[in-house]
Amino acid sequence: MIQDFKPRLEQREPNSLRRHRHKLVVLAAAIAGAALFINLAADPNDTTAAVSTAAPAAGSAIDVTTLAIPAADTVALDRLSPAGSPPGPSAADATAAADAATDEEPSADAATEADPADIAAQPTDDPAPAAEPPESLRWVSHKVRSGESLARIFKDQGLTPQLLYKITHSSDEAAGLARIIPGQTLKFAFDPDCELVTLDHVLSAIHTLRIEATDDGFAAQDLRKDLEVRTAEAHGTINDSLFVDGQAAGLSDGQIMELAGIFGWDIDFALELRKGDSFSLVYEEQYLDGKKYRDGPILAAEFINRGTSFRAIRFEDEAGNVSYYDTDGSSKRRAFIRTPVKFARVSSRFTNKRWHPVLKKWRSHKGVDYAAPTGTPIKATGSGRVISRGWKGGYGKAVIIQHGGKYTTLYGHMSRFNAKVKNGSRVKQGQVIGYVGQTGLASGPHLHYEFRINGVHRNPLTVKLPKSDPLPKAQLAAFRASSAPLLAKLDALSPTTVVARADTGN
Ligand SMILES: [Zn+2]
């Protein structure tokens, strides 16, 4: 009974294209702090399993097969534990990571590029939207090989080290030329006098750095191809697992992860998924020259879990922040993620009394310890302002973050801080603030994490995490306007339709 509905395509209005490109830039900028939505904390009632299970590495193949319908044994199902993660920014970040990764990969066409020695005519896939260069130019395309230096490539083209120096010192953009990686393509254009006129550094199928000779040196220019954005729809019914049935519905692994992330606060996919649950999605697809280039973000989604419908709408607010909201404009995400470190296990729990291994006496433990290798990144569990950063007695190198008026979080025993996060800095949820270590009173490398509400220590593993702020009233009108057509599409993909199709399909 696996659903297999091919995504339906339709054109989107042109202004959304422009908007989307802007989003990509914003998203790409967020990649440095890309908080994956594969956080470890999951079901607050079963944090042991959640935090003691290794999560997959960023960007690696993710074992989404664990998103199966719960059997008797659900151990390790939290490996993909979206329940503890912030669907909003994380999902967006994951998309950004995917986008940016795709963006900066060697271009797809690089593999089919002419042999380095080949002398090509003006390449047909030249990304320049500008006027065609004069016919008399001689273009040479060179695919960068492993171990090859820019100096070597220049020499092979009969160009001098002096010229290379001049070019790479002509601007910050041109200096980036030095960061060539194997598989990328350089395209040289020579005039009839064999003078270099243009040098293209093809960074991806959609992004090229162009350096052009001018009267007084060289000018660099970023050329970006516009992606055509279309919307597509998909839905399916859970029969086997979110992974299998998501794939059957035409979703990529990344989209399945994104979907799980979006509803991670609503549904514990490891424990609560049931046969007969269903999902519907409206998402973007990006096309380059009429061919699908990559998936864009999920715009709206519905998940019906055990008869309860959950819906999420993607919305970019005035400040450019992208997040997922309920249909009424309340945020899908929590103000805090549960766990500040990945790949960690709880080595010591919150307790009022315990034997302190270093002090050799009974002491209360007002936080949670996560054992993790030295150097493991520590993420701010919520957005806020750093109110303390430095050595703090037994905590060693510690950071304290104030979140709004009520909440503070503390992170201790760090080996080092993120140099960019200083006392007074504003930090975003998921941003790396430092790295695991064993400074202060610590018997081994671990993070000591505290969560306080109005100054009172609370158990980080079980404390009820507050929701993020809803959309401000002033933005509700805009939200409703943009969500209405998406909701109509979700309505059209209603479960009754799904059931009917499934019945006729079998
Ligand atoms: Zn501790």
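Which residue in E7 is the bridge partner of Arg210? It is Gln221, and that pair is a handy way into this predicted model. Local features here need a pLDDT of at least 70 and side-chain atom pairs count only at pLDDT 80 or more, while totals for chains, interfaces and linings use all residues. Residues are numbered from 1 along each chain as its sequence is written.

Let's stay with those strands. Helices (H or I, at least four residues) and strands (E, at least two) are DSSP runs, numbered from the N terminus. Strand E6 (residues 207-214) and strand E7 (residues 217-224) run antiparallel and are joined by 8 bridges; two strands count as paired if DSSP finds at least two bridges between them. The link from E6 to E7 is a hairpin through 2 residues, and Thr214 stands opposite Gly217 in E7.

Asp226 counts as partly exposed because it has 14 C-beta neighbours inside 10 Å. For the cut-offs: a residue is buried if 20 or more other C-beta atoms lie within 10 Å of its own, exposed if 12 or fewer, and partly exposed in between, with C-beta atoms placed from the backbone.

Now step back to the whole protein. It has 10 helices and 24 strands, and 43% of its 506 residues count as buried. Two residues are in contact if their C-beta atoms, placed from the backbone, lie within 7 Å. Of the contacts with a separation of 6 or more, 69% are between residues 24 or more positions apart.

What sits inside? A nonpolar core is a set of buried Ala, Val, Leu, Ile, Met, Phe, Trp, Tyr and Cys residues joined through C-beta atoms within 7 Å. The largest one has 36 residues, and Leu259, Leu281, Ala300, Ala301 and Ala312 touch the most other members. Helix H7 (242-248), H8, E9, E10, E11, E12 and H9 each supply at least two residues of this core, and E10 gives the largest share, 6 residues. Leaving out residues up to four places away in sequence, Ala301 touches Leu259, Ile262, Phe279, Ser280, Leu281 and Ala312.

Helix H8 (residues 253-262) is mostly covered, with 8 of its 10 residues buried; among them are Met257, Leu259 and Ile262. Helix H9 (residues 473-492) has 20 residues that should span 28 Å at 1.5 Å a residue, and its end C-alpha atoms are 28 Å apart, so the two agree. The expected span is 1.5 Å times one less than the number of residues. Even so, H9 bends by about 35° at Ser483, and Pro485 follows within four residues; the bend is the angle between axes fitted to the seven residues ending there and the seven starting there. In H9, Phe479, Ser483, Leu486 and Leu490 are buried. An α-helix has 3.6 residues a turn, so residues three or four places apart point the same way. The cover over the buried residues of H9 includes strand E9 (278-288), strand E10 (291-305), strand E11 (308-316) and strand E12 (322-325).

Next, some strands further along. Strand E13 (residues 345-348) runs antiparallel to strand E16 (residues 368-371) through 3 bridges, with Val346 opposite Tyr370. E16 also pairs with strand E23 (residues 446-453) in the antiparallel sense, over 4 bridges, and there Val368 stands opposite Tyr449.

His413, in strand E20 (residues 407-417), has a phi near 65°, a positive value in a residue other than glycine. Asn454, in the loop between E23 and strand E24 (456-458), is not a glycine either, yet its phi is about 50°. His413 is buried, with 27 other C-beta atoms within 10 Å, whereas Asn454 is exposed, with 9.
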